[in-house]
Amino acid sequence: KLARDVYITLGPAWGQTIFENISISEQQHMDAMKTVIEKYGLIDPVVDENDVGSFVNDELDELYPVLVKRGEQSPYQALMVGALIEEVDMEDIQLAIDATNRKDIKAVYEGLLCGSRNHLRAFVAQIESDGLVYESQLYPDDAEWTAFIESVINSPMERTCGARRR
């Protein structure tokens, strides 16, 4: 929800369609997770998905305005915020994959991870179309993470993520 809400907010700020397109994909990610939440009878942390910028989680509630403020500085900063969010998403999703042994949940997470890799590629392509070079923001001093991010952004878009493969 954080990613979707930030993208919904930053898209109109700069008129960049990339944010609208990826926010639609993030909504699909939220819908996929809602299916898992309902299947396993878990508590949905999203109280009102239409309340953009409102979060039950205090950390996310504090992070949203920070990311939006940075993204409102310039179109470049908005794209950098998007890329940072996707880096964090990839790490978080991989940790979630590693933490479960349920095949159905892993499959959903794998689809989300694929989507995040594509989103990162899209943001980086936009950044680099202006002649700039993207470098990892999450762990810039970690050679292994940096190499991983470079391998993602230097690989082609994945055309089949998640349920669409079935």
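**Exercise 1. Helix α1**

Which residues in α1 are buried? Work from the predicted model. Then find what covers them, and compare the span of the helix with its expected span.

*Solution.* 
- Step 1. The buried residues in α1 are Leu 2, Ala 3, Arg 4, Asp 5, Val 6, Tyr 7, Leu 10 and Gly 11.
- Step 2. Look at the cover. It includes α2 (17–39), α3 (58–71), α4 (75–99) and α5.
- Step 3. Check the span. Helix α1 covers residues 2–14, 13 residues in total. From first C-alpha to last, α1 reaches 19 Å.
- Step 4. Gly 15 follows α1, and its phi is positive, near 65°.

**Exercise 2. The disulfide**

Find how many disulfides the structure holds, and describe the geometry and setting of the link between Cys 114 and Cys 161.

*Solution.* 
- Step 1. Search the whole structure. One disulfide turns up.
- Step 2. Identify the pair. Cys 114 and Cys 161 form the disulfide, with sulfur atoms 1.8 Å apart.
- Step 3. Assign the hand. The angle about the S-S bond is -55°, and the link of Cys 114 and Cys 161 is left-handed.
- Step 4. Cys 114 sits in helix α5, and Cys 161 in the segment after α6. They are 47 residues apart, and the pair links distant parts of the chain.
- Step 5. Judge exposure. The cut-off for buried is under 20% relative accessible area. Cys 114 has 1%, so Cys 114 is buried. Cys 161 has 6% relative accessibility, so Cys 161 counts as buried.

**Exercise 3. Helix α6 and its two partners**

Classify the packing of α6 against α5 and against α4, and list the residues in each contact.

*Solution.* 
- Step 1. Take α5 (residues 103–128) and α6 (residues 143–153). Their axes come within 9 Å and cross at roughly 80°. Angles of 65 to 115 degrees count as roughly perpendicular. Therefore α5 is roughly perpendicular to α6.
- Step 2. List this contact. Helix α5 supplies Arg 117, Leu 120, Arg 121 and Val 124. Helix α6 supplies Ile 149, Val 152 and Ile 153.
- Step 3. Sort by class. The contact of α5 with α6 has five nonpolar, no polar and two charged residues.
- Step 4. Turn to α4 and α6. Their axes come within 12 Å and cross at roughly 110°. So α4, too, is roughly perpendicular to α6.
- Step 5. List the second contact. From α4 come Glu 87, Met 90 and Glu 91. They meet Trp 145, Phe 148 and Ile 149 in α6.
- Step 6. Sort again. The contact of α4 with α6 divides into four nonpolar, no polar and two charged residues.
- Step 7. Compare the lists. Ile 149 of α6 takes part in the contact with α5 and in the contact with α4.

**Exercise 4. Two single residues**

Decide whether Val 56 is buried or exposed. Do likewise for Gln 77. Then name their contacts.

*Solution.* 
- Step 1. Locate Val 56. It lies in the loop between α2 and α3.
- Step 2. Apply the cut-off: exposed means over 50%. Val 56 has 53% relative accessibility, so Val 56 counts as exposed.
- Step 3. Find its contacts. Not counting residues up to four places away in sequence, Val 56 touches Pro 45 and Val 47.
- Step 4. The C-alpha atoms of Val 56 and Glu 158 are separated by 33 Å, and the two residues are 102 residues apart along the chain.
- Step 5. Move to Gln 77 in helix α4. Its relative accessible area is 18%, so Gln 77 is buried.
- Step 6. Leave aside neighbours within four places in sequence. Gln 77 is then in contact with Arg 70 and Gly 71.

Terms used: Residues are numbered from 1 along each chain as its sequence is written. This is a predicted model: local features need pLDDT of at least 70, side-chain atom pairs count only at pLDDT 80 or more; totals for chains, interfaces and linings use all residues. Side-chain values use heavy atoms; hydrogens and water are left out. Axes are lines fitted to C-alpha atoms, for helices over the stretch in contact, and angles run from 0 to 180 degrees between N-to-C directions. Helices (H or I, at least four residues) and strands (E, at least two) are DSSP runs, numbered from the N terminus. Angles under 35 degrees count as roughly parallel, over 145 as roughly antiparallel, 65 to 115 as roughly perpendicular and the rest as oblique. Contact means heavy atoms within 4.5 Å. Ala, Val, Leu, Ile, Met, Phe, Trp, Tyr, Cys and Pro count as nonpolar, Asp, Glu, Lys and Arg as charged, and the others, Gly among them, as polar. A disulfide is a pair of cysteine sulfur atoms within 2.5 Å. Buried means under 20% relative accessible area, exposed over 50%, partly exposed in between (1.4 Å probe, protein chains only). The expected span of a helix is 1.5 Å times one less than its number of residues.
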